[in-house]
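Work through the following exercises with the sequence and the model side by side. Try each task before reading its solution.

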Amino acid sequence: MDGKTQNKDGLLGRLLALFLATFTISATANSGYAIIAVMKDDFVNKRKWFTEDEMADYIAIVQSAPGPMAVTSSMVVGYQSAGLLGSLAAVTGVILPPFLVMVLVTVFYQAIVSNPYVTIFMRGMQIGVVALLLDICIGLFRNATKEPGVYPFVVMVLAFLYVRFTGCSIMWLALVCGVAGAAKALLVGREVESHE
């Protein structure tokens, strides 16, 4: 088998793996933030496609991008795994389960809404999602507070207060945090240069 065929088979294998992974994740996780936790576990811990730091960077990109969390996260992970085709495969995989579920819900709407067991099931799922979100928050907190000093904690507290007590757009928060991060990096760079 020549190199071209091997590369093609490798790409097709990666695209199929991306589609199946995001399809399965989307079928089992029921919210955008929950999908991030499951993606992190799958792509970092099981498949070893990304490191913890890389995944944290991707999550930061996804958080600041507009659109549904599940779609943007699968788009970023797919692109980083296999380029444009990987992005397409991952997004298709993540969109298909909710689409199929919505078709079924539309067809059987009255029977589903009036069923008390469905209500109990949905409440149980909500509790599970809270646990997944807590796992994401703990992971992101550990990653964000690796560097010494109080800077990350101050930024986190201010960002939390902004989100909790103002009705302003999160876009402004993302921009301010980005500028603050860039300013800190420049100051640290200048300090390192002055010590050398």
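The accessible surface of this protein comes to about 13200 Å², and 70% of that surface belongs to carbon and sulfur atoms. Keep in mind throughout that the model is predicted.

**Exercise 1. Describe the overall build of the protein: how many helices and strands does it have, and what box do its C-alpha atoms fill?**

Solution. Begin with the secondary structure, where a count gives 8 helices and 0 strands, so that the pattern read along the sequence is α-α-α-α-α-α-α-α, by the way helices and strands are assigned. Next, take the principal axes, along which the C-alpha atoms fill a box of roughly 70 × 60 × 25 Å. Then turn to burial, and you will find that 23% of the 196 residues count as buried. Finally, consider the contacts between residues at least 6 apart in sequence, of which 56% join residues at least 24 apart.

**Exercise 2. Find out how many disulfides the structure has, and explain the result for cysteine 137 and cysteine 177.**

Solution. First recall that a disulfide is a covalent bond between the sulfur atoms of two cysteines. The cut-off needed here is that the two sulfur atoms lie within 2.5 Å. Now check cysteine 137, whose closest cysteine sulfur, in cysteine 177, is 15 Å away and therefore too far for a bond. Then check cysteine 177, for which the closest cysteine sulfur is in cysteine 168, at 14 Å, and this is again too far for a bond. A search of the whole structure accordingly finds 0 disulfides.

**Exercise 3. Which residues make the nonpolar surface patch of about 670 Å², and where does phenylalanine 108 lie?**

Solution. The patch is made by Ile95, Phe99, Leu100, Val103, Leu104, Val107 and Phe108. Phenylalanine 108 lies in the loop between helix H4 (69-107) and helix H5 (109-113). With a relative accessibility of 48%, phenylalanine 108 counts as partly exposed.

Terms used: Residues are numbered from 1 along each chain as its sequence is written. This is a predicted model: local features need pLDDT of at least 70, side-chain atom pairs count only at pLDDT 80 or more; totals for chains, interfaces and linings use all residues. Side-chain values use heavy atoms; hydrogens and water are left out. Patches are made of residues with over 30% relative accessible area and no salt bridge: like charges are joined within 9 Å, nonpolar side chains (Val, Leu, Ile, Met, Phe, Trp, Tyr) within 5 Å. Accessible areas come from the Shrake-Rupley method with a 1.4 Å probe; for residues, only the protein chains shown count as cover. A salt bridge is a side-chain nitrogen of Lys or Arg within 4 Å of a carboxyl oxygen of Asp or Glu. Helices (H or I, at least four residues) and strands (E, at least two) are DSSP runs, numbered from the N terminus. Buried means under 20% relative accessible area, exposed over 50%, partly exposed in between (1.4 Å probe, protein chains only). Contact means heavy atoms within 4.5 Å.
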